[in-house]
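Hi,

Here is the structure I promised to pass on.

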Amino acid sequence: MDSLSRSYDFCREIAKSRARNFYYSFIVLPPERRRAMCAVYAFMRHCDDIVDEEAGEADKKTRLNAWRETLDDAYGGTPADGGGLLPAFRDTVRRFDIPRAYFDAIIDGAEMDLTVTRYATFEDLYRYCYRVASAVGLVCIHIFGFQGREARQYAESCGIAFQLTNILRDVREDAEMGRIYLPREDLEVFGYSEEDIRHGVYNDAFRRLMVFQVERARSYYDEALPLLPLVQPSSRACLAAMIGIYRACLEEIPRRQYDVYSRRVSLSAWKKLAITARALIRKRV
C-alpha cells in the first residue's frame with residue numbers, strides 16, 4: 001500500500017471514530033468522494049482538537065498558526081510531514097479544486113473560540129457560524145460537485161443551520177467550558193441571563209428563548225433546501241442524510257420541551273442509519 005492510500009485510510013479511521021453525525025452520510029457517497037470527505041473532515045477535526053486540548057491560549061494559537069502553514073504545503077509544495085492526514089488532504093484539495101480561503105476561514109473560526117466567549121448580536125454569531133460551519137459546507141459542495149452560483153449561498157445557509165443546531169444542543173456543555181453562544185441581545189429580550197445559563201435554569205423564559213432560537217434554525221434549513229437538486233446526483237443522498245440527521249437533532253429539542261440541560265440531545269445510531277437509508281432510497285426513486 002502506498003503512502004497516499006495509507007493516508008486516506010488514516011483519515012477514514014478518524015472520520016469513522018469521531019464524525020458521529022457526518023460519517024453516516026459519508027457512507028452513501030461514491031468511493032472517491034467519500035475518501036475526500038474523510039480527508040477534509042480529518043483536517044477540520046484537528047483544528048477542533050487543538051482548541052479543546054489541555055493547553056494555554058498562547059500554545060493553542062501557536063499550534064493553529066502552524067496548522068495554517070500546512071495549507072501552504074497542501075496548496076504549494078510537498079507536505080513537510082509525509083505521513084498522517086496531509087497527503088490525503090493535499091490530494092483532495094487539488095483533485096476537487098477546493099479554494100484555500102474556506103480552510104483559512106475554518107481555522108479563523110477555531111481561533112475565535114480561544115478569545116471570544118460571548119456574542120452581543122446575532123450578526124456577530126453569524127460571522128462565527130460562517131467560519132466554523134458555512135465554510136465547511138462550501139468545501140463539501142466542491143467535493144459533491146455542484147452547478148449554479150446560487151449553490152454557494154444555499155450551502156452557506158446549510159452551515160448556519162447546522163451550527164445553530166450544535167449551539168442549541170450544547171448550551172450546557174459550552175457554558176461549562178466558559179462559552180455562551182446565544183446572543184446577548186436575545187437573552188435580554190427574553191429575560192434570561194448568562195447566570196441562568198451557567199446554573200442551568202429551566203423555566204418559561206428559557207423555553208420562550210429556545211422556541212425563538214429553534215425557529216431561527218428552522219428558517220436556515222428551509223433556505224438550504226434548494227441546494228439538493230444543484231449537487232451532483234451521486235452526492236444528493238449524502239447531503240440529504242446530513243440535513244436529515246442535523247434537522248432531526250434540532251427537532252429533538254422541542255420534543256423534549258426545550259430541556260437541553262438535563263441530558264444531552266442526541267440521536268441513536270439506528271435513527272441516523274434510518275435517516276441515511278431513507279435518503280438513499282429517495283435518491284433512487
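Let's start with Asp97, which counts as exposed because its relative accessibility is 60% (exposed means over 50% relative accessible area, buried under 20%, partly exposed in between, with a 1.4 Å probe and protein chains only). Asp97 sits in the loop between H5 and H6 (helices are DSSP runs of H or I with at least four residues, strands are runs of E with at least two, and both are numbered from the N terminus). Although Asp97 is not a glycine, its phi is positive, at about 50°. Most residues other than glycine have a negative phi.

Before going on, a word on the source: this is a predicted model, where local features need pLDDT of at least 70 and side-chain atom pairs count only at pLDDT 80 or more, while totals for chains, interfaces and linings use all residues. Residues are numbered from 1 along each chain as its sequence is written, and side-chain values use heavy atoms, with hydrogens and water left out.

Tyr258 also has a positive phi without being a glycine, at about 70°. Tyr258 belongs to the loop between H13 and H14 and is buried, with a relative accessible area of 14%.

In H14 (residues 269-284) you'll find Arg278, which is partly exposed at 41% relative accessible area.

Now the helix pair. The axes of H1 (residues 3-18) and H5 (residues 86-95) come within 7 Å and cross at roughly 95°, so the two are roughly perpendicular (65 to 115 degrees). On the H1 side the contact (heavy atoms within 4.5 Å) uses Leu4, Ser7, Tyr8 and Cys11, and H5 brings Leu86, Pro87, Ala88, Asp91 and Thr92. Those residues split into 6 nonpolar, 2 polar and 1 charged (Ala, Val, Leu, Ile, Met, Phe, Trp, Tyr, Cys and Pro are nonpolar, Asp, Glu, Lys and Arg charged, the others, Gly among them, polar).

Last, the largest pocket holds about 1200 Å³ of space (on a 1 Å grid with a 1.4 Å probe, a pocket is an open set of points with protein on both sides within 12 Å along at least five of seven lines, and lining residues have an atom within 4 Å of a point). Of its 50 lining residues, Arg45, Asp48, Gln163, Asn166 and Tyr246 are closest to the centre. H3 gives the largest share of the lining, 9 residues. By type, the lining has 30 nonpolar, 7 polar and 13 charged residues.

Cheers

Conventions:
Axes are lines fitted to C-alpha atoms, for helices over the stretch in contact, and angles run from 0 to 180 degrees between N-to-C directions. Angles under 35 degrees count as roughly parallel, over 145 as roughly antiparallel, 65 to 115 as roughly perpendicular and the rest as oblique. Grid points are joined across faces, edges and corners, and a volume is the space filled by probe spheres set on the points.
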